[in-house]
Amino acid sequence: MFVEGMKIIMADSSMMKVEEVLSGDKILTKDLGAVAVMAVIDGVEESCVYIKLANKKNISVSFDQKLLTPLGIVEARNLVAGDSLVLKDMSYAIIDSISIQENNKKTYGFYFESKNIFINVNGIWVSSDID
């Protein structure tokens, strides 16, 4: 799940905050191009993982959020400073720091017709799968 304020790349290449995405909106995916959101879910996470990259990009996600690394898919809880994440252009960025945010953050997730879809959040490829 993605923390409120994170931005997703839409099918038309515009950026939209996760809290503004609606069912039926089309999001750019890594492998399938434009895919329509079937449903949006929201919730509150007591604590989230805040990841700051050396290239100044950042992302804040739930502990079980899966992110794409050069070595494969890794849950946010298992990442450490020095690991890399895959960016929109398929280049890599090194994780500069990871911290835990503990103040009940509003989060959003998306259901698609297919599983194993990667969407781009704040310039970083992440899995859309919701466990």
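Serine 47 counts as buried because its relative accessibility is 18%, where buried means under 20% relative accessible area, exposed over 50% and partly exposed in between (1.4 Å probe, protein chains only). This is a predicted model, in which local features need pLDDT of at least 70 and side-chain atom pairs count only at pLDDT 80 or more, while totals for chains, interfaces and linings use all residues. Residues are numbered from 1 along each chain as its sequence is written, and side-chain values use heavy atoms, with hydrogens and water left out.

Q: Where does serine 47 lie, and with which residues is serine 47 in contact, leaving aside its neighbours within four places in sequence?

A: Serine 47 sits in the loop between β6 (39–45) and β7 (48–53), strands being DSSP runs (E, at least two residues) numbered from the N terminus. Beyond its neighbours within four places in sequence, serine 47 is in contact with Phe63, Ile100, Gln101 and Glu102, contact meaning heavy atoms within 4.5 Å.

Q: Which residues touch the most other members of the largest nonpolar core?

A: In soluble globular proteins, nonpolar side chains tend to be buried together. Here the largest nonpolar core has 29 residues, of which Ile51, Ile59, Leu67, Phe110 and Ile119 touch the most other members; such a core is a set of buried Ala, Val, Leu, Ile, Met, Phe, Trp, Tyr and Cys residues joined through side-chain atoms within 4.5 Å. The largest share of this core, three residues, comes from β7.

Q: Which residues in contact with isoleucine 51 lie beyond its neighbours within four places in sequence?

A: They are Lys57, Asn58, Ile59, Leu67, Leu79, Leu85, Ile95, Ser97 and Ile98.

Notes:
Helices (H or I, at least four residues) and strands (E, at least two) are DSSP runs, numbered from the N terminus.
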